[in-house]
Amino acid sequence: MTRVVLLGASPGPDISPTGLRLAALPGNPTVAERLRGQLSSMDPRFATVQTGDVAAALRAVADVAESATESLFLIPENSVVHDELIYQITKSKRGALALVAKEPRTGVTEDNGQEETGPEEPVTEDEGPGDRIPIDEAEPEIGLNRVEGLPVRVRIGKSRVVSVGTANHAVTRPNGVVLGPLHISARNAPVLAQTCRELADMAHRFGADDDLMQLIVFGLVRNGVSVGIRGRRDLFYRRVTTQEEINEAGAEMAGMDEDRSRLNNAVKGADGFFTTYFVSTYSRYIARWAARRGLTPNQVTLISIALGVAAAACFATGDRPWMVAGGVLIYFAFVFDCVDGQVARYARKFGVLGAWLDATFDRFKEYVVFAGLAIGWVVSGHGDEIWILALAAIGLQSVRHLLDFSFGAARRRKPPSPPPLDPSTPPTTASCGRRSAPVRWSGARVSEACSRCGRRRASTALSTGRVR
């Protein structure tokens, strides 16, 4: 279960038009009706926070976070969004995840907020394409540009929010905005509560155009929380403020294929080599066909088991044509073994029994097939040939598991994240990947320099106005 927090109008001049209707969508719902209907399955008792008074809104969010025992999902009430995008954000395993958009410029995509780079000009997480001045020499600034009505005061890296500014807190080379939806894991809920109370106490330092969602991310980042990022990709999200924007949003969203994104998301992102290239390229379409006809994941698992038993029966005949047929059947048994999980993710039907069936009967199918091969050896009298086939089957299965494990592990491997800096700890050493150098504390500011490359990084506490 996820605790949902609906935020009212932005603290800026815009008013949330939650009563206006999305005429382009079926049922002609209002913005509020549609969003509440989407969120009711996640949390039928979601909290609503009025945002006219920034300090009061932050304290209200802190109260919800302090009492929460589950993850939290914060979203502005004037949001028009695809169901699948909400699902993907709330199912994230990151401690914090924000939906972001980058300021349009050459070589930048919104997909995951990542910057595309070329061989001539390498780009690091803190550097943008075409930058003439190194990031460590650039001066912090107050972002004046706007993206979709939000001030550009966020520095977005390849996988996380690097730094955030406000109307009175400068940030080096801002390049994007936090669009709105923010997912916080249960373990970070206490940090969110503490951060919101700190922000409320310094609300007088924020400007009239500072957005509440960006302020919350501003506090989380400066309190050491690694906030991951996600772009909209092929899904839709927009905050609407006028009837014209609502009409545009409804028409644009109706023209996008949400089902395709949902289908693609049903396939594991870091699966085995054989599965990725020889099964998942088409198995997703079988999964959609099965889900639309009401088949459950457990029923698909039973189909996989039946195909495995049929393959064993073919092997048991000892005849070459039937053994070829058995090889085809065991392949499709594996295909449906993948399809059951894809049906579960596509239809969002998960259960403990299904996980047990899937894990247990994978081994059952293998043992039945080996038994079928042994019986075929007895029946056919071609002992040498049957044993060669049996050993080949065992070897192929072992190689497939080895390739799948190593391929999946390589795709999932990520560089370790450094622990957040804590001013209460004594000076220690830090490294930029070349040589270690001491970290020196100067008030609320931390400076980190590499003795070889001379690069310098800094982070600030909430009360500091400038950040690199």
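Is Ser185 buried or exposed in this predicted model?

View 1. With a relative accessibility of 10%, Ser185 counts as buried, because buried means under 20% relative accessible area. When residues up to four places away in sequence are set aside, Ser185 touches Ser71, Arg94 and Gly95.

**View 2. The second largest pocket and the residues that line it.** About 380 Å³ of space lies in the second largest pocket, and of the 14 residues that line this pocket, the closest to its centre are Ser41, Met42, Tyr87, Thr90 and Lys91. Helix 3 (residues 83-90) gives the most to the lining, contributing four residues. Sorted by class, the lining of the second largest pocket consists of five nonpolar, six polar and three charged residues.

**View 3. The hairpin formed by strand 9 and strand 10.** Strand 9 (residues 154-156) pairs with strand 10 (residues 161-164) in the antiparallel sense, and the pairing runs over three bridges. Within this arrangement, Ile156 has Val161 in strand 10 as its bridge partner, while the hairpin that joins strand 9 to strand 10 passes through four residues.

**View 4. The salt bridge between Arg197 and Asp63.** Side chains of opposite charge can pair when their charged atoms come close. The count for this model comes to 17 salt bridges. One of them is formed by Arg197 with Asp63, with the closest N and O atoms 2.5 Å apart. Arg197 lies in helix 4 and Asp63 in helix 2 (residues 54-67), so the pair ties together parts that are 134 residues apart in sequence. Arg197 is partly exposed, with a relative accessible area of 28%, and Asp63, at 41% relative accessibility, also counts as partly exposed.

**View 5. The salt bridge between Arg238 and Glu248.** Here the side chains of Arg238 and Glu248 meet in a salt bridge, at 3.4 Å from N to O. Because Arg238 lies in strand 14 (residues 237-239) and Glu248 in helix 6 (residues 243-254), the pair ties together parts that are ten residues apart in sequence. Glu248 counts as partly exposed, at 38% relative accessibility.

**View 6. The salt bridge between Arg292 and Asp259.** The side chains of Arg292 and Asp259 meet in a salt bridge with an N to O distance of 3.1 Å. Since Arg292 lies in helix 9 (residues 280-292) and Asp259 in helix 7 (residues 258-265), the pair ties together parts that are 33 residues apart in sequence. Arg292 counts as exposed, because its relative accessibility is 55% and exposed means over 50%.

**View 7. A network of salt bridges.** In this view, Arg146, Arg153, Asp209 and Asp210 are linked to one another in a network of salt bridges.

**View 8. Glu139 and Ala170.** Glu139 is found in the loop between strand 5 (96-102) and strand 6 (140-141), and at 51% relative accessibility this residue counts as exposed. The C-alpha atoms of Glu139 and Ala170 are separated by 8.8 Å, although the two residues are 31 residues apart along the chain.

How values were computed. Residues are numbered from 1 along each chain as its sequence is written. This is a predicted model: local features need pLDDT of at least 70, side-chain atom pairs count only at pLDDT 80 or more; totals for chains, interfaces and linings use all residues. Side-chain values use heavy atoms; hydrogens and water are left out. On a 1 Å grid over the protein atoms alone, a cavity is a set of points where a 1.4 Å probe fits but cannot get out, and a pocket is an open set with protein on both sides within 12 Å along at least five of seven lines; lining residues have an atom within 4 Å of a point. Grid points are joined across faces, edges and corners, and a volume is the space filled by probe spheres set on the points. Helices (H or I, at least four residues) and strands (E, at least two) are DSSP runs, numbered from the N terminus. Ala, Val, Leu, Ile, Met, Phe, Trp, Tyr, Cys and Pro count as nonpolar, Asp, Glu, Lys and Arg as charged, and the others, Gly among them, as polar. Buried means under 20% relative accessible area, exposed over 50%, partly exposed in between (1.4 Å probe, protein chains only). Contact means heavy atoms within 4.5 Å. Two strands pair if DSSP finds at least two bridges between them. A salt bridge is a side-chain nitrogen of Lys or Arg within 4 Å of a carboxyl oxygen of Asp or Glu.
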